[in-house]
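This briefing covers the fold, the packing and a few individual sites of one protein chain. The sequence and model come first, and the notes follow.

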Amino acid sequence: MNPKLQRKIEHLENIERFPAEELFKFIQLNKEDELLDLGAGTGYISFSFAKYVKKVVAFDYDNDILQYLELKAKEKGITNIETIETTAANFKEMPLENDRFEKAVASISLHEVQPLSLVLDEIHRVLKDKGIFLCIELEKTEMTNAPRVSSKEMEEEIVKAGFTVIDTIHPPTQVANQPVYIIIAQKKGY
């Protein structure tokens with residue numbers, strides 16, 4: 001494995017964050033669900049959620065990271081994770097069917113997407129009616145220099161994309177020493 005990839009994997013695996021299982025109180029999983037893990041990275045969400053759903057589609061733009069995720073899944077004996085690499089920058093065009101997923105999770109993966117509306121439209125497109133979207137993101141603060149989207153702005157963009165915001169939570173737990181928020185949204189059923 002090349003040293004640059006090794007450093008990236010170590011960084012992703014060692015980010016200080018709350019256990020993915022804590023997210024279960026915000027999203028109900030069913031054995032027949034297909035779940036989209038947007039910006040899957042090394043599988044933080046995918047591995048924790050896979051045992052509770054029919055299939056997890058781990059979606060990322062870094063093929064090397066996805067190969068690592070596949071290797072770890074094999075080592076763990078997890079067979080219901082499918083990896084898909086996106087060629088479009090920042091998830092703006094997903095090679096996925098309309099209305100495929102019951103659930104979608106984007107964990108610390110949308111803050112650099114410009115324009116944000118395109119990826120939220122894509123998430124809306126691939127979710128079934130009444131599908132649940134769980135967005136975990138770093139909160140924008142006055143101290144932040146890096147790209148961030150405030151929870152208020154994210155809520156507005158999610159609503160514009162056709163979702164209903166069910167709840168916004170600001171947990172006390174931080175990720176990489178930064179405040180986070182969790183937005184639970186539902187695709188409007190027609």
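Helix 4 has the buried residues L116, V119, L120, E122, I123, H124 and V126; buried means under 20% relative accessible area, exposed over 50% and partly exposed in between, with a 1.4 Å probe and protein chains only. The model is predicted: local features need pLDDT of at least 70, side-chain atom pairs count only at pLDDT 80 or more, and totals for chains, interfaces and linings use all residues. Residues are numbered from 1 along each chain as its sequence is written, and side-chain values use heavy atoms, with hydrogens and water left out.

**Overall fold**
- The protein chain contains five helices and eight strands; these are DSSP runs numbered from the N terminus, with helices being H or I of at least four residues and strands E of at least two.
- Read from the N terminus, the order of elements is α-β-α-β-α-β-β-α-β-α-β-β-β.
- Of the 190 residues in the protein chain, 51% are buried.
- Among contacts with a separation of 6 or more, 69% are between residues 24 or more positions apart; a contact means heavy atoms within 4.5 Å.
- The accessible surface is about 9600 Å², and carbon and sulfur atoms hold 48% of it; areas come from the Shrake-Rupley method with a 1.4 Å probe, and for residues only the protein chains shown count as cover.

**Helix 3**
- The 14 residues of helix 3 (residues 63–76) should span 20 Å at 1.5 Å a residue, and the end C-alpha atoms are 20 Å apart, which agrees; the expected span is 1.5 Å times one less than the number of residues.
- I65, L66, Y68, L69 and A73 are the buried residues of helix 3.
- Viewed down the axis, these buried residues fall within an arc of 155 degrees, so they line one face of helix 3; the arc is that of the directions from the helix axis to the C-beta atoms.
- Exposed residues K74 and E75 sit on the face turned away from the buried side of helix 3.
- D62 caps the N-terminal end of helix 3, with a side-chain oxygen 3.0 Å from the backbone nitrogen of D64.

**Two buried loop residues**
- S109 lies in the loop between strand 4 (101–107) and helix 4 (116–126), and counts as buried because its relative accessibility is 14%.
- A polar atom of the S109 side chain is 3.0 Å from the backbone oxygen of L38.
- Leaving out residues up to four places away in sequence, S109 touches L38, G39, F91 and E137.
- D33 is in the loop between helix 1 (3–14) and strand 1, and counts as buried at 4% relative accessibility.
- Apart from neighbours within four places in sequence, D33 contacts Q28, V53, K54, K55, E102 and K103.

Notes:
Polar contact = N/O pair within 3.5 Å; in protein donor to acceptor, adjacent residues only side chain to side chain.
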